[in-house]
Structure formats: C-alpha cells, structure tokens
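Biologist: I would like to learn how to read a structure. Can we take it feature by feature?

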Amino acid sequence: TFSSYISGGNFAAVIAMRFANQPASKHSPRLQILIYPVLQVFDLMLPSYMQAHYEVFHYTVDHMLSMYFNEKIDASIYANNHTSIKQKQQYRKYVDWSFIPQKYRTVYKHPITDDKEGDPNLIEKTKKILHPEVSPLLVEDEQLAKLPSTYLLTVGHDRLRDEAFIYEGRLKRVEVQVVHNHYKNTFHGSITFLYGPSGLDIAREMVGDIVKYIKDNL
C-alpha cells in the first residue's frame, strides 16, 4: 500500500493493518510505504507537536477530524483534552516516548498530561479516534508483527515526526523490517516540490530513495 500527505499516509497504514490482520484472500501487500503519516490521535502533545515548525502546508488535526466525522471537533484536543485518565493509562503503552530520539526530548522528556482528566463532552465526541481504523499505532505488538516490510519517510519540520519514530521502534521490536529515511531539514509536504521554479533537490532525493527501495524489495 502506498500513500502520502496528511490523510493518505493514515489511510495506507490502516489498510495495510486491515490486510495483515483480516486477510480477504491469499494476496496481501508485500510492502508498506508511508510518507509522514498520521499514526495516532491519542497523544497530541508529543515533542514534535509542542515545537515550532516551518510550514508551507498548514494543517490541523481538529480540522481533519471534523472532516472525518462530519462534526466540529474542538481545538482543545491539542491539550489531550479528548481522553480520560483511564484512557491515558490504557493507551499509553502504544505511544511510548522512549522510542523518540533523545535529541528531540531535550525539553519535553515525558508525557505531560497523563494525570489530567479530559472534557467529558469531547471524550464522548472523539472516542472513535482511538480505534485502530483511525489510529493504527494503537494496537498490540502481535498485530504489528503481521505487517509487511515498511518504508517510513519523515521530515524534521513536522508535528507528525515523533509518532513515526515510535511506530518504527515498535515495528523493529517485533522484527518487521523497516527502512526509515528521516530528512531533518525539510518540511511536511516538501516531496511535492519536484519541478518548476519551486522545485527542491530534497524532493527529488526523496522520490529517488522511494523508487530505489521499491526496486530493491519487489
């Protein structure tokens, strides 16, 4: 499965998980290629969410979820106001900060809202986002272990950066083959700047790396 951008990477990860754990035929994906994907909507106070980033394509999780559910989702979700203390205790093991590189945890070293109760109305409204069909990171290791070899592309200037590192760490722990190319000096959406006056060398490098991975693994 192959997809990108803010919702596309999420869809690809969800579909790969669905194929891996609920096979509909003898055929299953041989590779999973994810370009700065949304992998969880449990912890929106990861270090990468708390840091300022250079942005060309501005996106917000509350807007994305509002479109998903056709219902206005309050921006207080960014303070993890959408989960109860019980839910935080239940799901924290899936979003393990120890997999985030130490250099990204110099200021925010540990989860900071796990002892804070969320808003009951927002909790009820957004409870579906903790389902693996929306947050594919929120599953047991046994389910992750069934996934195909995975290619992860991430960038430094992106709120989605840290959850990809967590996903990588968890996949490697269950011995799924992972290639993770992290381009620390560029921004979310930069892979689309391939041609014209706004063309970027880094975009062509990214695409070239993906093509090489596909050729080497199919």
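Modeller: Start with Gln40. At 0% relative accessibility, Gln40 counts as buried, because buried means under 20% relative accessible area, with exposed over 50% and partly exposed in between (1.4 Å probe, protein chains only). This is a predicted model: local features need pLDDT of at least 70, side-chain atom pairs count only at pLDDT 80 or more, and totals for chains, interfaces and linings use all residues. Residues are numbered from 1 along each chain as its sequence is written, and side-chain values use heavy atoms, leaving out hydrogens and water.

Biologist: Where is Gln40 found?

Modeller: Helices (H or I, at least four residues) and strands (E, at least two) are DSSP runs, numbered from the N terminus. Gln40 lies in the loop between strand 2 (31-35) and helix 2 (47-50).

Biologist: What is Gln40 in contact with, leaving aside its neighbours within four places in sequence?

Modeller: Contact means heavy atoms within 4.5 Å. By that rule, Gln40 is in contact with Leu46, Val95, Ser135, Leu137, Leu138 and Glu163.

Biologist: Now helix 8. Which of its residues are buried?

Modeller: Ala203, Met206, Ile210 and Tyr213 are the buried residues of helix 8. They cover an arc of only 90 degrees around the axis, so they sit on the same side of helix 8. The arc is that of the directions from the helix axis to the C-beta atoms.

Biologist: Which residues are exposed on the other side of helix 8?

Modeller: There, Asp201, Lys212, Lys215 and Asp216 are exposed.
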